[in-house]
Amino acid sequence: MVDILLSCLSFKEYTGSEIYFYEIATALRKAGHNVHLFSPIHGSPLSDKLDNVFFADRYSVDNVQYDVVIFSHGNVIWDYIKNVKAKKFINVVHSEVIELEEPIINSKVNLYVGIRPSIVEFIKNKITNCEVKLIYNPFDFDRFNSKKCKKNNKKDKTVLFPGSLDYLRYNPLRYLLDLSEKQNFKVMHVGRNDYSIVHPNFITYEPAWKVEKYYKKCDIVSGIFLGRTSIEGLLCGKKILQFDVDNKGNIKQVYWHTEDNLQKFNKHTIAKQLLCE
């Protein structure tokens with residue numbers, strides 16, 4: 001049994017990094033470890049879904065001796081946890097284009113983890129003489145699989161575009177909507193929406209926990225980079241149209257993405273990799 005502290009900026013909504021820490025927490029608890037979680041922004045709905053995880057606050061987080069600290073979100077979180085007593089610190093980086101995700105340069109950090117190959121290269125270009133590992137995003141295979149998420153009707157060709165519709169996803173969405181006019185398909189978005197987009201081929205839904213129901217309605221899944229969207233789509237047996245963008249959201253590349261080994265996305269496999277088991 002290992003005493004573990006997980007720490008991230010926010011643990012409240014259904015965004016990528018928040019779900020990352022949810023899946024890691026549940027996998028570590030399933031493996032029998034003691035899991036604490038510190039996030040300066042936490043609450044419903046996401047925190048309500050965790051059982052048997054202790055939520056630390058900024059005053060108590062320094063009072064426990066941990067075996068491992070797994071954290072993200074750069075200096076914002078590091079300023080909270082830099083005095084935590086632990087045998088090992090692991091800095092997980094979720095993006096190569098967001099300033100908040102800059103890796104921490106500190107001798108206390110024992111391991112840097114990138115959740116996709118491009119992030120591993122990003123970290124290596126920032127920090128030399130350090131251990132960097134590729135350990136992918138964690139997923140619940142009981143929820144996301146081709147059997148449960150098979151399309152339940154053959155009406156209307158539909159592209160699902162999940163995730164926070166922010167400046168990084170705006171141009172890819174406009175690309176899809178322009179293409180939809182030429183190829184006659186619908187674009188369905190699920191998640192936070194920062195824009196008021198009106199288009200006859202576009203529909204948007206509020207963030208939802210049970211997103212599987214939307215995967216049942218689509219033929220193709222589209223997203224940016226190899227993030228949660230693309231991997232959920234792959235696990236559900238969908239074709240993946242993927243965008244790479246720069247730090248301003250400009251499209252660098254559009255391509256069909258495939259993966260041979262999906263087991264590397266299993267949250268239980270990933271929990272073991274993080275603990276080097």
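Select Asn-184 to begin: this residue is exposed, with a relative accessible area of 65%; exposed denotes over 50% relative accessible area, buried under 20%, and partly exposed in between, with a 1.4 Å probe and protein chains only. The structure is a predicted model, in which local features need pLDDT of at least 70 and side-chain atom pairs count only at pLDDT 80 or more, while totals for chains, interfaces and linings use all residues. Residues are numbered from 1 along each chain as its sequence is written, and side-chain values use heavy atoms, with hydrogens and water left out.

Asn-184 occupies the loop between helix H4 (167–183) and strand S11 (186–190); helices (H or I, at least four residues) and strands (E, at least two) are DSSP runs, numbered from the N terminus. Although Asn-184 is not a glycine, its phi is positive, at about 60°.

Next, select Phe-225, in the loop between strand S13 (220–224) and helix H6 (228–235). Phe-225 is not a glycine either, yet has a positive phi of about 55°. Is this residue buried or exposed? Phe-225 is buried, with a relative accessible area of 8%.

The peptide bond leading from Ser-44 into Pro-45 is cis, and its omega is near 5°.

Finally, select Asp-140, in the loop between strand S9 (132–134) and strand S10 (158–162). Beyond its neighbours within four places in sequence, Asp-140 is in contact (heavy atoms within 4.5 Å) with Glu-23 and Lys-267. A polar atom of the Asp-140 side chain lies 2.9 Å from the backbone nitrogen of Asp-142.

Conventions. Polar contact = N/O pair within 3.5 Å; in protein donor to acceptor, adjacent residues only side chain to side chain.
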